[in-house]
Amino acid sequence: MSKKIALIGNQNCGKTTLFNALTGSSQHVGNFPGVTVEQKRGFIKKHKEDYELIDLPGIYSLSPYTSEEIVSTQFLLEEHPDLIIDIIDATNIERNLYLTMQLMELNIPMILVLNMMDEVIQSGNCIDIDGLQERMGMKVIPISASKNEGIEDVITAIEKTIDQPARHLDLCSGPVHKAIHAISHIVEQKAHDLGLPVRYCVTKLIEGDTNMYKRLYVNDNDKHIIEHILEGMENESGTDREAALVDMRYSFIEEVCYYCVFSESATKEQVRSEKIDRLLTHKYFGIPIFIGIMLLIFYFTFSLLGAPLQDLLDQGITFLSDSLLHFLEINDVAYWLRALIGDGILAGVGSVLSFLPVIVILFFFLSLLEDSGYMARVAFVMDKALRKIGLSGRSFVPMLIGFGCSVPAIMATRTLASDRDRKMTIVLTPFMSCSAKLPIYGMIIAAFFPSKAALVMITIYCIGILVAIVSAVFLKKTVFLGEPVPFVMELPAYRIPTFKNVLLNVWDKAKDFIHKAFTVIFIASIVIWFLQSFNFTFDMIEDSSQSILAAIGSYVAPIFKPLGFDDWRASTALMTGITAKESVVSTLTVLTQASSTVSLNNALATIFTPLSAFTYLVFTVLYMPCIAAFAATKRELCSWIQAILTVSFQTGMAYLVALLIYQIGSVIL
Amino acid sequence: MTLDEIQPGKKVVIKSVGGQGLLRRRLLEMGLTPKTKVMVRKVAPMGDPIEVFLRSYVLTLRKDDASKIAVEEVKDE
């Protein structure tokens, strides 16, 4: 059995950098069970299987409110790690030590890693490491993770500390301290029997955690005594129990800092950050600069770099599949098998794989924004715009990326600060019309609204945004009840992102995407191909109107009658659109047997009226995203059921809105 | 006076922290405890949230939440 080591710390303290430095390439990414919180595990270099490092989410405290805090606390209490590595930002010791104080209550061996020491020293400030070690009662290791300095010292400290018992420290003094001792006597035995750290249990009781009262079977008599003790404490300290507890911790920290941290001035990075922010969060320039940065990223991702790379990859895949098919043909492989490989698997997976350059480039830029500290500023600048719908500024970036492609947008929600925000953003993002839907708009507009192209486009985009807003309000009042996580967020100092972190992040996303392409998308491609190429007697068909898919299309077509389009070709195209949105266009072209744009326009005129063509557009904007986005949704939500509910909701909204527009439109026009 | 009413550039000291539940706990835990010195640095372009400096780091919070924090001005030493 390998020893378990938990890595924990605040956000923005360089935890990921240390994790990467300690584990190298051995890491693998998963989720904590049941929530969208990411969990990374890896083995510590040189120790191979002996020491497993588990990266806990970046949190500021162990209070039981957000899912990040809950999974971290659960992990620490129930999985009994052999050691905690608590990493803190040395330029911001005071607030970082708060979590340390809570961790110390858990009675698990700990080492304290002081990151960003280079910044402290360069600014002429200094920290008395020995003094800190003495006062905190644990090993303190100064490092600079981004410069790879001190990593060996951390490993040495792990080796030395891991089998040592946790040092008992009786910190603090004053009324809270007295109360803690008094209550300890009451619950000590029960906590011990349950294998829970006593001091942790007591602080939970002081905080009024009803679960802890139940867990420890505190009877009414003891409850009464505890209440009495706490009232005494409140009287003596002149404040309520919650504030008194926090205050006790901060008072201790202030004392430690007074004796051990000598900072004459703000660090260079802090001074620099203030200067940068004068521009980037400027009253008038802040928003235009943000929009400019996003436009630039879009331009790089979707046209300058992405498009040619995508074409290149497309050509490569086409070349490979052509050669493979030719090879199969000269070797007399059965026609159906060649069709399966060529039209099913290679075409399906290939078309999705060609998105890879876009994903890689986009996440390269997003990692830069995240690691530099700019993403927090985006949240600061854009928060007000998203507040009314129950989200915070942090959700703005994924939603914006949604206009490019839903897949990276959904993947980008992983950086959001709370489980609730992540889920809500995942549901709403596909309403932002993605670029793959443009060919559909092009086709319909050319056939029905050639003179009002711009107006129709803007209307379609606005309908998407509007539906997202309405859905958000609806979800806030039904599914995502309860208090949103408050928007009280650190604005970290700007730092130059490390190349290694950015690369690893991009690699993670690329790996994730390739994995999806060969699992969910692979299977979906085969299924759709089968439905498209066979009839109910399982004979391969030449004419696509004879296929199972067409039959299903005809079968479901009446459902769309209230929306104005009950032609089987329209509904079949919607179904193939699930593989990739562009397929709506190719399917309609094939099924109408149109050989030119003119004949396509004429054929479309027999399927749609201008009004129903418009409702068809509205439906395509809103209904379930493509299979790749579905796979991303499933991956991030970590649940098939929730993913299916999400796309059902999206399709339901599409139906409802299209229905309203068609019915009202028919009356007015 | 509450924290949301303070002009950017002014330094204040926290008197008490109101609100309840998750919000109050979060405010306290981020270091906004009584007697802490806070400097209001900035208001976001759309007029909300605000940016404050305390315990040698920068924090942003919404005006609504900041209105739960009672403060008084301190004279520059």
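Guide: Two strands are said to pair if DSSP finds at least two bridges between them, and with that idea in hand we can look at this structure, which is a predicted model.

Visitor: How many bridges join strand β10 of chain A to β4(B)?

Guide: Strand β10 of chain A, residues 488–490, is joined to β4(B) by 3 bridges, and the two strands run antiparallel. Within this pairing, the residue that stands opposite B:Thr60 of β4(B) is A:Met489.

Visitor: Which elements of chain B supply residues to the side that touches chain A?

Guide: Contact is judged from C-beta atoms that lie within 7 Å of each other, and in this case 30 residues of chain A are in contact with 31 residues of chain B. On the side of chain B that touches chain A, α1 (21–29) and β4 (57–61) each supply at least two residues, and α1(B) gives the most, with 9 residues. Sorted by class, that side of chain B has 15 nonpolar, 10 charged and 6 polar residues.

Visitor: Into which domains is chain A divided?

Guide: Chain A has a domain 1, covering 3–161, and a domain 2, covering 175–262, and their C-alpha centres lie 25 Å apart. Between them, 18 residues of domain 1 of chain A are in contact with 16 residues of domain 2 of chain A. The side of domain 1 of chain A that touches domain 2 of chain A draws at least two residues from each of α3 (93–104), β7 (126–127) and α5 (129–136) of chain A, with α3(A) giving the most, 5 residues.

Visitor: Which residues of α6(A) are buried, and where do they sit around the axis?

Guide: A residue counts as buried if 20 or more other C-beta atoms lie within 10 Å of its own. In α6(A) the buried residues are A:Val154, A:Ala157, A:Ile158 and A:Thr161. They lie on the same side of α6(A), because they cover an arc of only 105° around the axis. Among the elements that cover these buried residues are β1 (3–9), α1 (15–23) and β5 (83–89) of chain A, while the face turned away from the buried side carries the exposed residues A:Thr156 and A:Lys160.

Visitor: Is A:Gln164 buried or exposed?

Guide: The cut-off for an exposed residue is 12 or fewer such neighbours, and A:Gln164 counts as exposed because it has 11 C-beta neighbours inside 10 Å. A:Gln164 is found in the loop between α6 (151–161) and α7 (175–194) of chain A, and its C-alpha atom is separated by 9.5 Å from that of A:Asp82, although A:Gln164 and A:Asp82 are 82 residues apart along the chain.

Methods. Residues numbered from 1 in each chain as written. Chains lettered and ligands numbered in written order. Predicted model: local features only at pLDDT ≥ 70, side-chain atom pairs only at ≥ 80, totals over all residues. Helix = DSSP H or I, 4+ residues; strand = E, 2+ residues; numbered from the N terminus. Arc of directions from axis to C-beta. Contact = placed C-beta atoms within 7 Å. Domains from an automatic or database assignment. Nonpolar A, V, L, I, M, F, W, Y, C, P; charged D, E, K, R; others polar.
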